[in-house]
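Please open the model in a viewer and keep the selection panel at hand.

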Amino acid sequence: LLDLGPIERWTRTTCGYCGVGCTLDVATRGQDVVTVRPAMDGSVNRGHACAKGRFAHGFVHSPDRLRTPLVRRNGRLAESTWDEALDLVADHLRRIPDPDRFAVISSARATNEENYLIQKFARVVLGTNNVDNCARLCHAPSAAGLAATFGLGGGTNSFEDLDDCDAILLAGANPTDAHPVVGSRLLQRTLDGARLIVVDPRRTSLARHADVHLAPRPGTNVAVFNGLAHLLIRDDLIDPDFLRTRATGYEALRELADAYPPEQVEKLSGVPAADLTAAAHLYGEANTPAIFYGLGITEHRYGTDGVRTLANLAVLCGAVGTETGGGVNPLRGQNNVQGASDMGALPDLLPGYQKVTDDEARDRFDTSWQARLPSTPGLRIPQMFDAARAGELDVLWVVGEDVLATDPNTAAVRGALDACPLVICNDLFLSSTAAAADVVLPVASWLEKDGTFVNFDRRFQRVRQVLVPPDGVRTDFAVFAEVARRLGRDLGCETSAAALDECASLAPHFAGLSHRRLEAGALHWPVAPGGDGTPTLYRDGFATPDRRAHLAARPYLPTETEPSPEYPFLLVTGRRAEHYNAGGMTRRTPSVGLRTKESLDVAPGDAACLGLEEGAFVEVTSASGSTVLPVTITDEVTAGEMFAGFHFPGAGVNELTSSVTDDPTSCPEYKLTAVRVRRIAPP
Ligand code: SF4
């Protein structure tokens, strides 16, 4: 064992990286993290953690950590004081009479309590529903699709239910890289005998362990899921009792699915008919099948239809809301992307998914907050950028997101930031977005604050302060409370515990939650007062008005993004194991820095045709822009398709992605960009 030297304190908290929500025990000496251990009794991770959770904490002492506010003067960001920076912000906000000219992008990295306060600030102090969070860019189609099918927008089951599953359908997700503890448990379950179906254009490591790997052409998920529905119905693998008593829409789906025999699906998607048939039988003949899925389903032109047609399969087989169903489980990306939405950092929904258009709900908030809340849904993130470029936005406040690195079509985002008169950015570092802002506020990291996160299976868990924030750094919570005070409003929650108490008093789904109760352990929402939470949803009926699951008859529609002679390859973007999102924290932690740059994954046959060897440099160009990347040759990608991560802002992968979005949710089509590739000399 390593001699770690004296340890002064152990603090139990929740990992601030991905949406798995591992419980970590952090040992500290003074202001230094000595070691991080995954908690053996962690409710999700059971003694496991990945390299990010265990080792990626060095960023807190990075020499380029922001420790003082920055204000743009004469075109350059210059050091300022908190008083000067917050006065400038408050003066600017005070001078703008039209609330619709403000917009706030809240943060999936911030705690629930901070998100609660931020959306309250937007609605009460600014008077606008122009508040959103990055769920817009990842799982908004999950929230919309699952709510339409089952009544609530969260995953249906707890991760523990995986222990009882005998078949797993993993679609559009590579948890080995993006959710490593989930990836390991799925693999373990497979090695223990559960059958595994993987639907993914890439040959991921779990695809190599699958009984059946379906590799559809990007953009054809709906055809594949309708084809699976066709086979479940044709081969009598459905649960007629469940459909008769607990579902609606079967006849319409049966009629639609008629048009998706396996041979037709093979033509549309490239998935061999025999493989599709084998997958339908594996899923349909299982006793307790579970669906897990990720951004490969949602980040598409028809992402909501992808979620709905995938959820159809669980309903057809009675594998959701029952003792024997593993349900439909979205693998949420960021640590608190579920919580940011739960807390109402959304333009159409108040905390607890209460509609801003619902007079009764709004009245309760009006009374509690002593305000008159706006009743019209606000702008979504892509619409905020559109409004800024059109000169219709005066202030954009971005909390903890590097939108210039992570949002699609960088040129369009850059245009929006350039056109907006005041961009405020809260961040730990001078990210590319912070560097383009007019006011930059240095804020605390997940290791330096107190509150709660919600993980991918609706599990509220405590986040505890491990380190004191560096001198000059404040929490997002303190920043918004202080600006409200300067504008003459008291947001009323002095502590993060008080913020969750207030939220619980206004949102029935969270009525039984408090920091005190969470000290005893995690709770899955909905939590009734005094209740133990709801790990598995819908056993007593679905949350739709008629208490039934609603099957969706949605046709496959090809997206506009097709390969062409000008752009002959399809680029898919996603995550790599070692890094996290824009990499602000992981790139500053040498112990997880195994990957130091981004590359373009190219299939061996394509590399040969293009005359590319490993490490060759290429210019990649799409209709949106271009960037330069070195090549990695790998059989993980199919011929005609390529892959790149988005963790290195300098790599410019989102220069390539487009502004195409899913209509119901405005979620971008990150998973499909037509590109061309040209060899160039090393830069
Ligand atoms: Fe953190 Fe996710 Fe890794 Fe768990 S799997 S340690 S939550 S990054």
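Select domain 3 and domain 4 together: 24 residues of domain 3 are in contact with 23 residues of domain 4, two residues being in contact if their C-beta atoms, placed from the backbone, lie within 7 Å. This is a predicted model, in which local features need pLDDT of at least 70 and side-chain atom pairs count only at pLDDT 80 or more, while totals for chains, interfaces and linings use all residues. Residues are numbered from 1 along each chain as its sequence is written.

On the side of domain 3 that touches domain 4, colour helices H4 (140–150), H5 (175–178), H13 (295–298) and H14 (303–316), the elements that give two or more residues to it. Helices (H or I, at least four residues) and strands (E, at least two) are DSSP runs, numbered from the N terminus.

Next, go to tyrosine 353, in the loop between strand E14 (349–350) and strand E15 (354–355). Its phi is near 60°, a positive value in a residue other than glycine. Tyrosine 353 counts as buried because it has 20 C-beta neighbours inside 10 Å; the cut-off for buried is 20 or more other C-beta atoms within 10 Å of the residue's own, with C-beta atoms placed from the backbone.

Finally, select proline 526, in the loop between strand E21 (523–524) and strand E22 (549–550).

Key
A residue is buried if 20 or more other C-beta atoms lie within 10 Å of its own, exposed if 12 or fewer, and partly exposed in between; C-beta atoms are placed from the backbone.
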